[in-house]
Structures are given as C-alpha cells and as structure tokens.
Amino acid sequence: MSETRRFHWLAAGTLLCMLLIGAAIGWARHPRQYRADPPVTTALDQFKLMPDRIGGTPPDVYFALGKPYEATAFDLSQGKRLYSWFGCSSCHGDGRGGTGPSFLDGWWFYGSEMVSVVASIRDGRPQGMPSYGNKMTSDQIWQLAGYIRTIGAYSAPYTAPSRNDDKHTRPSENRAPAAALFEVGPAGVRSDRGVQP
C-alpha cells in the first residue's frame, strides 16, 4: 500500500472517529423540550397557593419532570428572552427594581418560591403587576419564573441562561449570586416589604 493511500485511510478514519464522538456528545446532551405536552401544561396550571396567595405547592408533575424550568439552560434562556420581550425590564430593570420591586434586595412581596413567582406572573398582583395569563402559555410563564428566580438567587445555579448582547449593568445570573448584592435586613417577615426568600 502506498503512502498516499495510507494517509487517505488514516484521514478518513480520523474524520469518522470525530463524527462519532460529535454524535455521542449530541446524543448525551440534555434534550430540549420546545413545547410541553397538553396534559403536562394542564397539570402545571393546577398548583395550590396558600390562602394569602403567598407560597404554595407546585404540582406533582413539576417534580416528576425534575424541575426543568429551574434546571435547564434552554428554559432559563427562554425565560430571559421572555423577560425582554414582555418588557419586564421597564418596571424591574435588570433586577434591581424601578417602578416595580427589586429581585436583588432580599425581600419578595409574595414569596420567592417558584409557585409564588408563577402566580404573580399568571394572575398579576395588586398595585401594578399585570396579569400575563392570557398573553403567555403556561410553559412560558414557568420559564419566565425560573429565570426571575435566577436573578434573585442566593446561590449561583449550575445552569445558566444565554449571555446578554447588550452592555452589562450587573454580573451574569450564574456568575454572581444576588446574595452578594443583597442588603440583608432582619430575619423573618417585614410587613412593608413582604417575605424574605
């Protein structure tokens, strides 16, 4: 066998190995769920809130799915996109607040649990928070809630939303947890600020 023929076989073998490795990595990657199945969507809408509408219990299907809206980079990136598309930054800014409350000061008016954030987005809240239940799908509401929780998280999540293309005014959600930016207040409930997460 000539040297050129041996070189061609070696190059073809190397290319084939690279393609197989790429296919294995692509197969092992966490699958993206572009749209929730209708029974899952219906189940996600059946969460229970406490009588004061602060805190509650997520539906069982949320745990069965492995809390995807808080744990997958795709869902967090979709939530980040929705945060921009629906103009959340016009009231909440980059998370530091404005006409709407801040996500970074350590106090959440209606609780920092996933169910409380979903209820706030879906149903709205008194004194300015509009309802988006008829403007977003249930899947989108959960994605947006997951992203909002990363903005005000005490510890950095392992998964990260996509990076911003605009000028950064604060560190990335997964790089600098909000705990470093919190103004730590007294423990417990403050009637004027809500529940501390």
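Mentor: Let's start with S116, which counts as buried because its relative accessibility is 0%. Buried means under 20% relative accessible area, exposed means over 50%, and partly exposed is in between, using a 1.4 Å probe and protein chains only. Keep in mind that this is a predicted model, where local features need pLDDT of at least 70, side-chain atom pairs count only at pLDDT 80 or more, and totals for chains, interfaces and linings use all residues. Residues are numbered from 1 along each chain as its sequence is written, and side-chain values use heavy atoms, with hydrogens and water left out.

S116 sits in helix α7, residues 114–123. Helices here are DSSP runs of H or I with at least four residues, strands are E runs of at least two, and both are numbered from the N terminus. Setting aside neighbours within four places in sequence, S116 touches I54, G55, Y110, G111 and R125, where contact means heavy atoms within 4.5 Å.

Now look at P58, in the loop between β2 (56–57) and α3 (60–64). P58 is at 17% relative accessibility, so it counts as buried too. Again leaving out neighbours within four places in sequence, P58 is in contact with F47, F63 and V115. P58 and E113 are 55 residues apart in sequence, yet their C-alphas are 9.3 Å apart in space.

Next up is a helix pair. α5 (residues 73–85) packs against α8 (residues 138–151) at about 90 degrees, with the axes 7 Å apart. The axes are lines fitted to C-alpha atoms, for helices over the stretch in contact, and angles run from 0 to 180 degrees between N-to-C directions. That is why α5 and α8 are called roughly perpendicular, a label for angles of 65 to 115 degrees; under 35 is roughly parallel, over 145 roughly antiparallel, and the rest oblique. On the α5 side the contact includes F74, L76 and Y83, and on the α8 side L144, Y147 and I151 are among the residues involved. The contact residues split into eight nonpolar, six polar and two charged. Here Ala, Val, Leu, Ile, Met, Phe, Trp, Tyr, Cys and Pro count as nonpolar, Asp, Glu, Lys and Arg as charged, and the others, Gly among them, as polar.

Within α5, the buried residues include F74, D75 and K80, and their cover includes α4 (68–71), α6 (88–92) and α8. After α5 comes G87, with a positive phi near 70 degrees.
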